[in-house]
Amino acid sequence: MKVINIDKNQCIGCGSCCGIDQTHFDFLDGRFPSVISNDNLDDQALLDAIDSCPTEAITIIEKAEEACDCGEECNCDDECNCGDDCHCGDGCPCHK
Ligand code: SF4
């Protein structure tokens, strides 16, 4: 399964992605964008948002097949609000 990944170490919080594609991105925490949907990954607005990112922080990655079941919180600096696995590409503190 492919998902949108935002590298929080590269993101400068410019807001361009959220301005271009409100279907996939939102400033839920007021500092950095969050991915709010992984549907329609070939959507033109998403591709435009990826192209607009000045630091190339946004990529589409293959989500790990194995779900983490450690019960620890994601350490990616944003809170997962999907009720699902971490999508940040940085992984859970247990390194699964
Ligand atoms: S466009 Fe890139 S740098 Fe700007 S907020 Fe989005 S992910 Fe961060």
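This is a predicted model: local features need pLDDT of at least 70, side-chain atom pairs count only at pLDDT 80 or more; totals for chains, interfaces and linings use all residues.
How many helices and how many strands are there in the protein? There are 2 helices and 4 strands.

Reading from the N terminus, the order of elements is β-α-β-β-α-β. The protein has 96 residues, and 22% of them are buried. If we take the contacts with a separation of 6 or more, 57% are between residues 24 or more positions apart.

Next, the core. The largest nonpolar core has 12 residues. Among them are Val 3, Ile 4 and Ile 6, then Cys 17 and Ile 20, then Leu 46, Ala 49 and Cys 53. Three elements each supply at least two residues of this core: strand S1, residues 2–6, helix H1, residues 16–20, and helix H2. The largest contribution is that of S1, with 3 residues.

On to the ligand. Around the ligand there are 15 residues, and those that come nearest are Cys 11, Cys 14, Ser 16, Cys 17 and Cys 53. Cys 17 and Cys 53 are also members of the largest nonpolar core. By class, the shell around the ligand holds 10 nonpolar and 5 polar residues, with no charged residues.

Asp 51 sits in helix H2, which spans residues 44–52. Is Asp 51 buried or exposed? Asp 51 counts as exposed, because it has 12 C-beta neighbours inside 10 Å, and the cut-off for exposed is 12 or fewer. Asp 51 and Cys 17 are 34 residues apart in sequence, and their C-alpha atoms are 8.9 Å apart in space.

Definitions and conventions: Residues are numbered from 1 along each chain as its sequence is written. A residue is buried if 20 or more other C-beta atoms lie within 10 Å of its own, exposed if 12 or fewer, and partly exposed in between; C-beta atoms are placed from the backbone. A residue is near a molecule or strand if its C-beta atom, placed from the backbone, lies within 6 Å of it. Ala, Val, Leu, Ile, Met, Phe, Trp, Tyr, Cys and Pro count as nonpolar, Asp, Glu, Lys and Arg as charged, and the others, Gly among them, as polar. Two residues are in contact if their C-beta atoms, placed from the backbone, lie within 7 Å. A nonpolar core is a set of buried Ala, Val, Leu, Ile, Met, Phe, Trp, Tyr and Cys residues joined through C-beta atoms within 7 Å.
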